[in-house]
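Okay, everyone, thanks for coming. Let me put the thing up on the screen, and then I'll walk you through a few spots.

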Amino acid sequence: MSLFWALNFLLVKVVVNYENVFYVLFFRILFALLISIILFPKSFVWKSSYKVHIKFFVLSLLNIVIFMEFWFMGEMVESASLSSIIIYSYPILNVLLSIIILNEKITKLNFFGSILGLIGIILIFFEEFTIYTFLGLIFLIVSAFGWALGAIFYKKYMSNIELISVNTMQFLYSLPITFLVAIFSGPLVLKNLNLEFFTIVIYMGTLGTSIAMLIYLYFLKKYNVSRISPYLFLVPILSVLLSVLILHEKIAFINYFGILFVIVGIYLSQIKKVN
């Protein structure tokens, strides 16, 4: 799951050379929906009550529309480093909201581990840390809260609904919204939609979104939110390491300390209290 999401970071750098990120997101969600229906045709449900469909819609807003659209809007006016730091504060938000809303119990050591993980993310991206506009910062904070609230909303109100149906229907409900946002962002340049573009967005939609999200929802269903959230710090770490291996980007010495902090933080966050 973390590896699939980390690879998305690298591929976005390539695919935005053909189309803007809002069209990339639309095609990503389109292929996520298609692969979900192909693999799990019974997950496409209409006969559920309207209350269930409202839950599908709310989750689609939190997990996809608010999280991804506001992330892209924030990153358009802020540095990639600041965007990464703000966005990957959501494991901390997950933990805090799980304590407040879901009444999950964690130890001080577990919480310290999560804080250490965030410090690690800051160290990884601190070198190019810059704040350009207050509005961009707000967009990124809204994005992070959207994802965190999505986890809480699913755990509290939807974990009793068929897992694959939740995954498929959130793509269905978010697809028209992502399409409208893309249309408002500018015209679609058809000549840019070549084989490389579709190869990348098909990967991002299938493994990088549909399958990765299904795995994520499975873990949310099975474990406490506060327990699995710190593992999400692995996504930016893996993206940095993949950038070094695949794109041959250089990594600063301080970044190694950041990676170490994240690994130690994840370990501490998982230590169970011994009675």
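So, Glu 78: buried or exposed? This is a predicted model, by the way. Glu 78 comes out at a relative accessible area of 5%, and the cut-off for buried is under 20%, so Glu 78 counts as buried. If you're looking for it, go to the loop between H3 and helix H4, which covers 80-87. Now find Thr 133. Along the sequence, Glu 78 and Thr 133 are 55 residues apart, but C-alpha to C-alpha the pair is 7.0 Å apart in space.

Okay, back to H3 itself, and its partner H2. That's residues 50-77 for H3 and 21-39 for H2, and their axes come within 10 Å, crossing at roughly 155°. Anything over 145 counts as roughly antiparallel, so that's what we call H2 and H3. As for handedness, H2 passes H3 in a right-handed crossing.

Who makes the contact? On the H2 side, you've got Val 21, Phe 22, Leu 25, Arg 28 and Ile 29, and H3 answers with Ile 64, Met 68, Glu 69, Phe 72, Met 73 and Met 76. Sort those residues by type and you get nine nonpolar, two charged and no polar.

Last stop, the largest nonpolar core. There are 81 residues in there, and Phe 56 and Tyr 216 are the ones touching the most other members. Let's zoom in on Tyr 216. Skip its neighbours within four places in sequence, and Tyr 216 is in contact with Met 1, Trp 5, Asn 94, Trp 147, Ala 151, Ile 228 and Leu 232.

That's my tour, over to you.

Notes
Residues numbered from 1 in each chain as written. Predicted model: local features only at pLDDT ≥ 70, side-chain atom pairs only at ≥ 80, totals over all residues. Heavy atoms only, no water. Axes fitted to C-alpha atoms, helices over the stretch in contact; angles between N-to-C directions. Helix = DSSP H or I, 4+ residues; strand = E, 2+ residues; numbered from the N terminus. Parallel < 35°, antiparallel > 145°, perpendicular 65-115°, else oblique. Left-handed = near helix turned anticlockwise from the far one by under 90°. Contact = heavy atoms within 4.5 Å. Nonpolar A, V, L, I, M, F, W, Y, C, P; charged D, E, K, R; others polar. Core = buried A, V, L, I, M, F, W, Y, C linked by side-chain atoms within 4.5 Å. Buried < 20%, exposed > 50% of the residue type's maximum accessible area, 1.4 Å probe, protein only.
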